[in-house]
Amino acid sequence: MVLPRFNHEEIIETVPTTLNEALPMDPTLPLPYCFNPTTHSYRVPSDSNDSARTYPYDEFTLKLHSHESNSRSSALLFTQFHEFIDSELCHTILRCYTHLNKHLLTVFVYTQMSKIGILPDSSIFPAVLKSVAQLCRRDLGQSIHCCVIKMGFGSDIYSSTALVHMYCTCLLCGDARQLFDEMPERNAVSWNALITGYTHNRRFREAIDVFREMQAAGAEPGEVTTVGVLSACAHLGALNQGKWVHDYITRNRLRLNVFVGTALIDMYAKCGLVDEAEKVFWAMRVKNVYTWNVLISGYAMNGQGEAALQAFSRMVMENFRPDEVTFLGVLCACCHQGLVKEGRWHFLSMKEEFRLQPMIEHYSCMVDLLGRAGFLDEAQEVIRTMNMKPDPIIWRALLGACRIHGHTQLGEFAIRNLLELEPKNGENYVLLSNLYARDRNWVKVGQVREMMNRTGIHKVPGCSSIEIGSVVYEFVVSDITEPGGYEEVYKLLAVIKRQLEVAGYSADTNIVLYDLEEEEKEQTLIYHSEKLALAFGLLKTSSDTTLIIVKNLRICQDCHQFFKLISMIYRRKITVRDRHRFHHFSGGVCSCKDYW
DNA sequence: CTAGGGTTAG
């Protein structure tokens with residue numbers, strides 16, 4: 001086939017087309033995944049976790065830069081020279097675009113195909129669906145699903161697997177699961193799509209469940225499977241499960257490639273085992289920026305700031321180019337250690353030397369770093385001079401600093417901004433209440449409490465988990481009146497409390513929300529979820545086991561003190577991963593050196 | 001000959 005020659009300048013041009021024109025919905029196909037023409041709506045997602053998303057493009061515009069890919073594959077080809085395109089070339093171009101991450105172009109080519117009389121065959125749907133997934137366009141995905149079925153490719157394993165992946169990426173795991181269950185045949189890749197899909201949707205427990213299901217079904221997990229499962233383990237802090245996967249990799253001689261290695265490092269780092277993470281890191285032959293990033297932020301969250309900074313300079317020495325995520329790790333490390341000078345310096349070098357544009361995340365790190373260290377003016381200066389709108393996280397960082405340093409007035413300013421952005425987030429009211437509680441201003445504390453009651457705003461309950469064997473046990477902060485079945489845990493806590501009191505512990509009741517009688521406050525504190533998990537761990541494991549507890553919120557002052565004493569009196573190593581970082585307790589001290 | 005992969009502040 002001979003194609004016409006054309007001028008490169010001419011084809012760099014904008015081709016706008018609206019979505020409805022490009023891909024009209026098919027009202028003749030009443031499938032569950034379809035657009036409903038009578039109600040003008042899409043099927044209501046079956047998962048409660050599926051939040052509504054705004055689509056990135058209402059009307060998409062294609063800027064064609066033909067020199068970036070194959071000149072034959074410019075989209076103008078389709079509008080001007082379509083008589084020269086046969087089905088094979090068209091399919092090749094389309095796959096090419098997907099491969100080059102030019103997802104809008106893939107979709108564009110797909111939409112133009114029918115216009116110029118080329119029918120898709122089953123081999124292009126995987127590529128189209130991959131692009132649609134990348135663009136997060138569930139409407140397009142659903143429409144293409146219709147097309148797949150209509151053309152008789154409904155049981156094609158490649159297209160179906162791509163559909164499972166697409167539904168997961170578009171936050172419709174329920175649909176993905178349904179489709180997966182209806183597939184006439186599945187292979188390891190299909191299972192992987194589902195596992196990584198659940199991980200992508202932060203449904204980590206289900207990801208691990210599917211992994212078990214996969215093995216029960218007799219499919220062989222491969223490298224990709226382990227990457228997805230390890231990521232789930234990392235997020236959950238499920239160390240034993242993660243170790244099991246590591247063993248599986250060794251036993252079955254799976255390759256420790258850069259994906260698997262990075263996932264392993266991240267898993268160990270997020271379970272608090274920095275030594276193991278390091279071992280994997282040094283065993284890896286090929287590394288990339290992801291590998292360095294998980295190592296650096298691993299050090300950072302485990303309170304090894306110096307190690308993080310050393311790793312960073314080594315990374316640069318070995319000619320890896322740091323990216324935005326690298327600097328997030330570096331700044332986070334400085335923040336947790338109170339390394340103000342170093343933090344300022346790296347923030348500057350990120351902009352000047354590495355030419356990276358700070359993101360809001362970097363600014364919030366700086367506000368936290370400066371504010372926590374007491375440089376409240378400088379922290380405010382960062383907020384004033386950054387060229388973006390402060391987000392709730394920034395205000396919370398400032399508020400946190402105000403609480404530490406007792407700047408109630410500035411704190412009130414921060415909370416005003418915060419509540420303007422997030423009036424319904426219970427966490428914010430708790431922070432405000434804590435700010436007043438620090439001043440023992442119970443009148444104001446009561447007002448906040450009353451406001452919460454009136455508006456029906458609730459605090460997210462604290463929840464801690466501990467893994468014993470391969471089972472993860474969860475504990476929710478307890479209502480005193482309803483012990484809820486863990487009698488032995490409560491009994492042990494009472495015993496522990498008496499022992500600790502002998503050692504000089506007294507409950508730090510300052511932070512408790514209400515203006516209760518002192519004794520009642522102590523009761524509230526003793527049932528914090530992390531204490532329940534700790535007592536359970538002490539009961540169920542031998543004394544040489546390090547207890548690893550994962551909490552959904554930040555550990556409170558009182559629990560922190562409590563854990564330090566336990567680590568001394570019971571000679572237990574305890575690791576707590578709270579919402580922000582690790583606390584490694586041993587011999588009565590914490591790795592955070594009480595700076596948190 | 002098509003499908004599935006790791007990191008991100010507080």
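Predicted model: local features only at pLDDT ≥ 70, side-chain atom pairs only at ≥ 80, totals over all residues.
Residues are numbered from 1 along each chain as its sequence is written, and side-chain values use heavy atoms, leaving out hydrogens and water.

In residues 187-221 the end C-alpha atoms lie 10 Å apart, and the span is 74% helix and 0% strand, helices (H or I, at least four residues) and strands (E, at least two) being DSSP runs numbered from the N terminus. For residues 288-322 the values are 10 Å, 74% helix and 0% strand.

Turning to the interior, a nonpolar core is a set of buried (under 20% relative accessible area, 1.4 Å probe, protein chains only) Ala, Val, Leu, Ile, Met, Phe, Trp, Tyr and Cys residues joined through side-chain atoms within 4.5 Å. The largest one has 138 residues, of which Met 267 and Leu 398 touch the most other members, and its largest share, 8 residues, comes from helix 14 (residues 258-270). Apart from this core lies another, of 34 residues, among them Phe 536, Leu 538, Phe 562 and Trp 596.

Phe 562 is also among the buried residues of helix 29, and just after that helix Arg 571 takes a positive phi of about 50°.

Note on methods. Chains lettered and ligands numbered in written order. Buried < 20%, exposed > 50% of the residue type's maximum accessible area, 1.4 Å probe, protein only.
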